[in-house]
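Here are some exercises to work through with the structure open beside you. Try each task before reading its solution.

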Amino acid sequence: MKGNEAFTEDPIEVAWRSPSNIALIKYWGKHNGQLPINPSLSMTLSNSFSETSIKYRPGRYFGGDFHLVFLFEGEPNIAFEARIKKYLHSLLEELAFLKDSEIIIESQNSFPHSAGIASSASFFSSLALSLATLEGMFSGKGRATKILLPRASHLARLGSGSACRSVYGGFVSWGKLLSIKRSNDYTAMPLSLKHHPLFSGLRDTILIIDEKHKSVSSSAGHETMQNHPFRFARIQQAKNNMNRMLLALETGDWKLFSSVAENEALTLHALMMSSEKGFSLLHQNTLLAIEKIHKFRQETGARICFTIDAGPNVHLLYPAEDENIMQNFISEELVQLTCRDYKIDDMMGQGPIQIFN
Ligand code: DP6
């Protein structure tokens, strides 16, 4: 069954486009399912997004279950379909309208599969926004953005933690922190502080150092924090780094921004190495890139720093106004460390948009 072929009548269709995000303060470790052990902060991207549509038809009998077809970039994807099925099953009580329905979910990414960009964040965010929209239609009230987005953030978190931040544009926090009013572990929220103009349209050039699939998934990585010897120190550090990052964003302090962002990236990988099983997702060229960035910064005072997620690829962060200098530096010094001269130029984005209905 492909697309509409599954339906004899026109289904209800909703679709959202949602960008990925890059964490500046890293979510690493969770409890009670999908609640983070520490607060995190990210920047929502612009060019790297997923588009996900749901075609939905109620009133079939599946004994309280649903019938799902999932297509990724036009093709069936058994492994991912199983993950989505499990996710939707876990939501059946919360989203009762899914019971006894036929559902076709189709998704595609603007970025290649292998790019090392968090596709689960953009995917689950776009799926959750579509589910929350359907839910709004079924409650008969529709949904104002004020209600829809927190609801979608909650649903996205249950699919993949970092996805709950992709529901909003700009800088987004997730997790309880005393200095952020109304912050909580259940939904992300856009930063209410006004960031300094230096950070408007912040650039993120992603160096694809290695395209291979990660040897340890994020979920397995989170688990290593369960009995990690540095667990409590890490939680404290993340809170301190959140507050330092908020100060940097508000005052336009690039040095502080850069030192916190790099400290978070290096801590994430140090936590992996110092976990019981001890592993590393870094590549030798990741380390070479770091060395080159530090040298360039020392010699020129350039405003550039890096962050790294749970993989070998390096995200270069720099102000929009420095784009030309940094692009020169990247093409002269860094691009040769990537596989196949592969980099993706992205930047801060405005957040998801509804593309159907
Ligand atoms: C290193 O959100 O992918 O990117 O909740 O198990 O789906 P699950 O994990 P995921 O973890 C992301 C970890 C990170 C840091 C971050 O994005 O904050």
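**Exercise 1.** Which side chain of opposite charge is nearest to Asp-185, and how far away is it? Then describe the surroundings of Asp-185.

*Solution.* Keep in mind that this is a predicted model.
- Start by locating the residue: Asp-185 sits in the loop that joins β8 (171–174) to β9 (188–190).
- Next, look for a partner. The nearest oppositely charged side chain is that of Lys-176, at 8.1 Å. A salt bridge would need a side-chain nitrogen within 4 Å of a carboxyl oxygen, and Asp-185, although buried, has none.
- Now turn to the backbone. A polar atom of the Asp-185 side chain lies 2.8 Å from the backbone nitrogen of Lys-176.
- Finally, list the contacts beyond four places in sequence: Leu-35, Pro-36, Arg-157, Trp-174, Gly-175 and Lys-176.

**Exercise 2.** Check why the end-to-end distance of helix α6 agrees with its number of residues, and find the residue that caps its N-terminal end.

*Solution.* 
- Helix α6 covers residues 254–273, which makes 20 residues.
- For the cap, look at Asp-253: one of its side-chain oxygens is 3.2 Å from the backbone nitrogen of Lys-255.
- As for burial, 14 of the 20 residues in α6 are buried, leaving the helix mostly covered.

**Exercise 3.** Which residues touch the most other members of the largest nonpolar core?

*Solution.* 
- This core has 40 residues, and Leu-88 and Leu-131 touch the most other members.
- Several elements give two or more residues to this core, including β1 (12–25), α1 (78–90) and α3 (145–159). The greatest share comes from α2, with 8 residues.
- Around Leu-131, contacts beyond four places in sequence include Ile-54, Leu-88, Phe-97 and Leu-155.
- A separate core of 27 residues has Ile-25, Leu-191, Leu-246 and Leu-256 among its members.

**Exercise 4.** Is Val-216 buried or exposed?

*Solution.* 
- Val-216 belongs to the loop between β10 (203–207) and α4 (218–223).
- Its relative accessibility is 19%. The cut-off for burial is under 20%, so Val-216 counts as buried.
- Beyond four places in sequence, Val-216 touches Gly-221, Phe-279 and Leu-281.
- One more pair to inspect is Val-216 and Gly-311: they are 95 residues apart along the chain, with 9.0 Å between their C-alpha atoms.

Conventions. Residues are numbered from 1 along each chain as its sequence is written. This is a predicted model: local features need pLDDT of at least 70, side-chain atom pairs count only at pLDDT 80 or more; totals for chains, interfaces and linings use all residues. Side-chain values use heavy atoms; hydrogens and water are left out. Helices (H or I, at least four residues) and strands (E, at least two) are DSSP runs, numbered from the N terminus. Buried means under 20% relative accessible area, exposed over 50%, partly exposed in between (1.4 Å probe, protein chains only). Lys and Arg count as positive and Asp and Glu as negative; His and the chain ends are not counted. A polar contact is a pair of N or O atoms within 3.5 Å; within protein, one must be able to donate a hydrogen and the other to accept it, and residues adjacent in sequence count only if both atoms are side-chain atoms. Contact means heavy atoms within 4.5 Å. The expected span of a helix is 1.5 Å times one less than its number of residues. A nonpolar core is a set of buried Ala, Val, Leu, Ile, Met, Phe, Trp, Tyr and Cys residues joined through side-chain atoms within 4.5 Å.
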